[in-house]
Structure formats: C-alpha cells, structure tokens
Amino acid sequence: MSTPYKLYGIPASLYTAKARSYLRKQKIDFVEYAVSDPHYQKNIIPQLGRMIMPVLEAPNGKIIQDSADIIRYLENVHASLSPSLPKTPVLQAVAHLFELYGGEGLLRPAMHYRWSFDDVNLHYLHSEFSSLAPPGTDDASYQQIFDFGSGLMRKAAHSFGVNENSASLIESSYREFLDLFSAHLRQHPYLIGAKPTLGDYALMAPLYAHLYRDPKPGQLMRQHAPLVARWVERMNAPENNWADHCADQAEFEVDNELPETLNALMHYIAVDFLPEMSAHIQFANNWLAERPDLKSGSNGCDKPSQRFIGNAEFAWRGIKLRTAVLPYRFYLLQNLQDHFDSAPTTDKALIQNAFKACGLADLLTLRVTRRVERHNHLEVWGNPLH
C-alpha cells in the first residue's frame, strides 16, 4: 500500500481549497492536517521560513508550497493524471487567465464577505480558526490566537480594497459574477467543458473556502446562485457527476468561437480586474527602476518573507481604490504570457483575437521588467528582461 501525500492547511484557507479540490478530483491519496500539527510546526516551518499554507508533503519527504506549484509538481511526477489544461491553445490561455483571476481577482469579495459581517459570521469564524491552535489550547489562549490571526486578516482585507466606500460596489460586482457564472453553468458542468481545469481549481479557492462556507456569503450563493453552489459541490467530489448535464454535450474544444457565456465572463474580468493588474504592473516597473542594483534571487524588501512591495491606486467601477501590489500575481500572469509567447503564429493570433474581443488583449502584453521566480518557497525577482 502506497504512502499518502500530506496536505497542510485549514478548512477556512482560501488557497488550500484549490489544492484540496485538485487532489480529490485527481483521486490522489492524501491525508489533511492542520498547520497546528506538531510535524508542520517543528519540521516544515523551518524549511519555509514562514507560516503559510497550503503545503504538500510528498511520500518521499519533498515539500511543495503554493497551490499552483503543487498542481504543477503533481502533474510532472504522475503522468497518468488528467491534465489540468484543456487541449487547444486558446482554451489553455483561458484556463491560465482564470487561474490568475480565480486566485487573485476574487480576493476582494472573498475578504469582504468574510470580515465585514461580524453579526453573522463571527461565531462561525471563531470556531473555524480553532485549527490554528494546537489541540487542548485553553479558551483564553485560543482567544488571543484568534484575535491576532483575525486582526491580520482584517488588515489584509483592507489592503485588497475592502472599505466602507467600496463595500456596495464589491457586492454588486460579485453578484454580477455569480449571474454570469450561473449562466455558463446552465450549459457546462465546469468552466471549460466536461472536466475541471486550472481555472476551476483556482475559482474554488475563494468560492469554496470563503464564499460557500462562511454564513453570510454562503446563504447568498445558495439563494442567488444555486448553480454555482452545485458546481462547488461537484468540485469537491472525486466522482464524475452528470446529474445536471448531459455528458455527450458538455465538451467544447473550439478555438476561434468561444461560448458566449465564457466570453461574458472574460469581459467581466476585463472590467473588474484588468485596471488593477495594469496599475500593479506599472507600480512594479517604477519600483524596479528605482532599484537598478536589486540582486536576482531577492524580493527587494526588508524581510525575505514579505509578499507585497507597496500600494497602487487605480479607478475601479467609478471610485478610486488603493491595493497592495503582490509579485505573486505576476508569477501567475507569467504562465499566461509564457503560453502566449511560445504559441505558433497561427495559434497566437487566435489567442490574441479571443482576448481582444473581451477587452483583455493588454493582459497578454503588459509585462513586469523582471520575472518573478520562486526559490526556497519564496517569491523573488529574477534577472532583468531584455
């Protein structure tokens, strides 16, 4: 009998939801542990240099941190897995787009709906975050742990643009997303046809961990977008489920004629997320220009584990937002841009046309002047691009 993988996270963790769904859908044998587990605390944190999740420990003892890296690692070592990218170049580009948007673009509603409704959510969250504390922790000590952890998360929510001025716009924007995704799910069980892709796994991060499980947004999803709730449940189940769709009608692999429902979702991303990414890229390039001697392999910050480099302002749905610039977003964007750059001329034109039709062509060409790499489980800057 083979040794199972070990997944370290907590149920409320956004990025752990992405890795967990992938492991389940791929029928990979694993056991899940909390980050309060003694083995994680004593043996894994020293390797990571910080407390972060998810972490996958392979049967051979190898440690992989970050949900995107976990998926890529597993697909490299298990040739029998169902690929998380679809077959055709345009759809592969779409999957990369939703990997970026799912993990990063939906952070604002995910954090708003978790931390802006204490009257509904707080008791639940107090219980959910108990897995941050070792078993047997007394009530007073746990309260201190919760207050500290939730305090950090509330600050993070603010850094993602959650405030009194943006609250109503965040809610209307998220409802628009639910409506668009629901329309798509009426025809397809997953984002791109008959099986999950990188885009589905990334969308699961916020849609399951925060927006399905937490009381306030969970009620909204079940009442306003039950098809999205059903998709969340499908994404958490290892078996195929054709109760809501016909298996022989679910697949689409058309490069130059994407379904209108998918086009609509991509146009939504152009409105909701492209202004932020554009502002972040411009900020990062200015920040890098001010540091011409920045050494490759460094994050350029005081702490090697720091994940943000500053704040950028941009226009969003009629207001000004100021949000934290995280190089990790460029790390995910590179996957889309690398795919585009390496495509044959004909395929590149098809990708460009599909993205241009939805207002997303800039996302293929806007570049940070240095690549973001991951060394020793940390995001660092690579060599300048030429």
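Predicted model: local features only at pLDDT ≥ 70, side-chain atom pairs only at ≥ 80, totals over all residues.
A residue counts as buried when its relative accessible area is under 20%, as exposed when that area is over 50%, and as partly exposed in between. By that rule Ser278, which is found in helix H13 (residues 274-289), counts as partly exposed, because its relative accessibility is 25%.

**The open sheet and the helices on it**

- Four strands form an open sheet in the order E2-E1-E3-E4, and the pairing within this sheet is mixed.
- Strand E2 (30-34) and strand E4 (63-65) each have a single partner strand and stand at the edges, so one side of each is left without a neighbour in the sheet.
- From one strand to the next, the twist of this sheet averages 20 degrees.
- As background, strands of a sheet pair through backbone hydrogen bonds, and the pairing can be either parallel or antiparallel.
- Strand E1 (residues 5-9) pairs with E2 in the parallel sense over five bridges, and Gly9 has Ala34 in E2 as its bridge partner.
- Helix H2 (residues 38-48) lies across E1, E2, strand E3 (55-57) and E4, and runs at about 105 degrees to E3.
- Helix H3 (residues 67-77) also packs on the sheet, where H3 touches E1, E3 and E4, and the direction of H3 makes about 135 degrees with that of E4.
- The N-terminal end of H3 is capped by Asp66, which has a side-chain oxygen 3.2 Å from the backbone nitrogen of Ala68.
- Within H3, the residues Ser67, Ala68, Asp69, Ile70, Ile71, Tyr73 and Leu74 are buried.

- Strand E5 (residues 311-316) and strand E6 (residues 319-324) run antiparallel and are joined by six bridges, and the bridge partner of Ala312 in E6 is Thr323.
- The covered face of E5 holds Ala312, Phe314 and Trp316, whereas Asn311, Glu313 and Ala315 belong to the uncovered one.
- Two residues lie between the strands of this hairpin, in which Arg317 takes a positive phi near 50 degrees.
- Although Ser278 and Ala312 are 34 residues apart along the chain, their C-alpha atoms are separated by 9.8 Å.

**Helix H4 against helix H14**

- Two packed helices are described by the angle between their axes and the distance between the axes.
- The axes of H4 and helix H14 (residues 327-342) cross at roughly 175 degrees and come within 9 Å; because angles over 145 degrees count as roughly antiparallel, H4 and H14 are described as roughly antiparallel to each other.
- On the H4 side the contact involves Pro89, Gln92, Ala93, His96, Glu99, Leu100 and Glu104, which meet Tyr328, Arg329, Leu332, Leu333, Asn335, Leu336 and His339 in H14.
- Sorted by class, the contact of H4 with H14 has seven nonpolar, four polar and three charged residues.
- Glu104, whose place is in helix H4 (residues 89-105), has a relative accessible area of 3% and is therefore buried.
- The side chain of Glu104 makes a polar contact, at 2.9 Å, with the side chain of Arg329.
- If its neighbours within four places in sequence are left aside, Glu104 is in contact with Tyr15, Phe273, Tyr328, Arg329 and Leu332.

**Helix H5 against helix H6**

- Helix H5 (residues 107-115) and helix H6 (residues 118-128) pack with their axes 7 Å apart and at an angle of about 90 degrees, which means that H5 is roughly perpendicular to H6.
- Tyr113, Arg114 and Trp115 of H5 make this contact together with Asp118, Asn121 and Leu125 of H6, and the residues of the contact divide into three nonpolar, one polar and two charged.

**Backbone details in the loops**

- Most residues other than glycine have a negative phi, and most peptide bonds are trans.
- Lys27, in the loop between helix H1 (14-25) and E2, has a positive phi near 55 degrees, and with a relative accessible area of 59% Lys27 is exposed.
- Asn376, in the loop between strand E7 (370-375) and strand E8 (378-384), has a positive phi near 55 degrees, and its relative accessible area of 65% means that Asn376 is exposed.
- The peptide bond from Met53 to Pro54 is cis, with omega near 5 degrees, and Pro54 has its place in the loop between H2 and E3.

Notes. Residues numbered from 1 in each chain as written. Heavy atoms only, no water. Pairing = 2+ DSSP bridges. Axes fitted to C-alpha atoms, helices over the stretch in contact; angles between N-to-C directions. Contact = heavy atoms within 4.5 Å. Buried < 20%, exposed > 50% of the residue type's maximum accessible area, 1.4 Å probe, protein only. Polar contact = N/O pair within 3.5 Å; in protein donor to acceptor, adjacent residues only side chain to side chain. Parallel < 35°, antiparallel > 145°, perpendicular 65-115°, else oblique. Nonpolar A, V, L, I, M, F, W, Y, C, P; charged D, E, K, R; others polar.
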